[in-house]
Amino acid sequence: MSTVGQLVDKTTQFIREQVIPVEREVVVDGRVMDDALRLELQKKAKEAGVFGPLSDPEYGGLGLDTRAQAAVLEAAGASLLGPIAVNAWAPDDGNIHLLAHVANAEQRQRYLAPLASGAVRSSIAMTEPGPGAGSDPGMLQTVAEETDRGWVINGAKHLITGAKGAAFTICVARTNDGPTMFLVDQDNPGLRVGRRMPTLDYTSAPGGHCEVTFADCEVPDAAVLGEVGQGLALAQVRLAPSRLVFCMNWLGLAVRAHHLAIGHISTRTSFGTPIAEHGIAQGLVADSEIDIAAARGLILRAAETIDAKGPTASQARHEASIAKTFVSEAVWRVLDRAVQLHGGLGVCEDYLVARFLVEARAFRIYEGPSEVLRWSIARRAVRTASSTGS
């Protein structure tokens, strides 16, 4: 069995040799990042022995703990397409984790097994058009009513990642007992995937971010994931791990952009001196080194807590929120500096860092906007101080 270091090396080689050449085809030449390309890359990842860092071995995965995932996913994140190639990209990453911890045996066989193996994609439908749920799940408007045959779901969702082409959707809807999660097959006649919403991050989002409607969508009792009324509690199962996976993947891309920038300024001269020897350029490089080191530290700290205490522990959720807030903003700073250090070429997609910057902008919003996470972090800090009398 490979050690974590060996897996990192194998993943780095796989990304360099198999994924980055295709990434340029997608970013620069306009090749569509569709399911055919996803399956092609995932097949190569399996052949390279780097597929499934988030999945258990019974589903063809690597069976890594969260700390090991941090190192492997940073390596995979060096390309926009890397996390997709190894099956560690949203929303499938969080859904794999959720189903592994919550689904019953029949649901694991029907939904988790094909998802973890990469045979299918999935989506999770929580976010709604106003005045429905966004950052505040208490504003949930989609309703599921119990019937003699199961449940009927009605409601509108939007910004549903991966919905177009997904095999199933986890729908979060209100019931008389509270928010509940339902597994809805994509061929259900009551589920309609509408337009793919035009967003900044079009390269790294197979299936897009779509409008989804549930109209008299009938599902059986067996479609309930977990227990009725426990939807928000179940959401906590996937939230901290999913936030960290985002951090791990995007940090990998920031590191690559940082190295590309260093390579560029080391070969370019201005005013008779290599740019890398100008103090003002060195300051940008140093600040990125600091951001990267701090981001790694926060990710590892949260990963260790998740492994030790579980993903729903208060401390795990707190540390994942801290990591997600800092890393999302640090990644943006590193990518912005990489663009700046490339000069005029930095805004040209031939050099990729421009596309990296645009794609990464949504990271500060997805899985919790920075402002909401700061509010949550502060509230816990105040509660902890009050309970200890400090």
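Is the crossing of helix 7 and helix 8 left-handed or right-handed? The crossing of these two helices is left-handed, a term used where the near helix is turned anticlockwise from the far one by less than a right angle, with right-handed used where the turn is clockwise.

## Basis of the description

The model is predicted, so local features need pLDDT of at least 70 and side-chain atom pairs count only at pLDDT 80 or more, while totals for chains, interfaces and linings use all residues. Residues are numbered from 1 along each chain as its sequence is written, and side-chain values use heavy atoms, with hydrogens and water left out.

Helices (H or I, at least four residues) and strands (E, at least two) are DSSP runs, numbered from the N terminus. Residues 6–118 are 65% helix and 0% strand, with end C-alpha atoms 23 Å apart, whereas residues 124–217 are 0% helix and 53% strand, with end C-alpha atoms 16 Å apart. For residues 229–381 the values are 76% helix and 3% strand, and the end C-alpha atoms lie 29 Å apart.

## Helix 7 against helix 8

The axes of helix 7 (residues 231–267) and helix 8 (residues 279–309) come within 10 Å and cross at roughly 160 degrees; axes here are lines fitted to C-alpha atoms, for helices over the stretch in contact, and angles run from 0 to 180 degrees between N-to-C directions. That angle makes helix 7 roughly antiparallel to helix 8, since angles over 145 degrees count as roughly antiparallel, those under 35 as roughly parallel, those from 65 to 115 as roughly perpendicular, and the rest as oblique.

Contact means heavy atoms within 4.5 Å. Among the residues that make the contact are Leu-244, Met-248, Leu-251 and Val-255 of helix 7, together with Val-285, Ile-292, Ile-299 and Ile-306 of helix 8. By class, the contact has 16 nonpolar, two polar and two charged residues, where Ala, Val, Leu, Ile, Met, Phe, Trp, Tyr, Cys and Pro count as nonpolar, Asp, Glu, Lys and Arg as charged, and the others, Gly among them, as polar.

## Helix 9 and its partners

The axes of helix 9 (residues 314–341) and helix 11 (residues 370–388) come within 10 Å and cross at roughly 140 degrees, and the two helices are therefore oblique to each other. Their crossing is left-handed. The contact includes His-318, Ile-322, Thr-325 and Glu-329 of helix 9, and Leu-373, Arg-374 and Ile-377 of helix 11; by class, it has three nonpolar, seven polar and four charged residues.

Ala-316 lies in helix 9 and counts as buried at 0% relative accessibility, where buried means under 20% relative accessible area, exposed over 50%, and partly exposed in between (1.4 Å probe, protein chains only). Not counting residues up to four places away in sequence, Ala-316 touches Ala-240, Thr-305, Ile-306, Gly-310 and Pro-311. Asp-336, also in helix 9, counts as partly exposed at 37% relative accessibility, and its C-alpha atom is separated by 8.6 Å from that of Ala-354, 18 residues apart along the chain.

## Buried sites elsewhere

Nine of the 11 residues of helix 5 (residues 92–102) are buried, so this helix is largely enclosed by the rest of the structure. The buried residues include Asp-92, Asn-95, His-97 and Leu-99, and what covers the buried residues of helix 5 includes helix 6 (105–116), strand 4 (168–175), strand 5 (178–185) and helix 7.

Phe-51 is placed in the loop between helix 2 (35–48) and helix 3 (66–76), and it counts as buried at 3% relative accessibility. Leaving aside neighbours within four places in sequence, the contacts of Phe-51 include Gln-42, Leu-62, Val-86 and Ser-117. Thr-203 lies in the loop between strand 6 (191–196) and strand 7 (209–219) and counts as buried at 3% relative accessibility; among the residues that Thr-203 touches, beyond four places in sequence, are Val-26, Met-33, Leu-80, Arg-355 and Glu-359.
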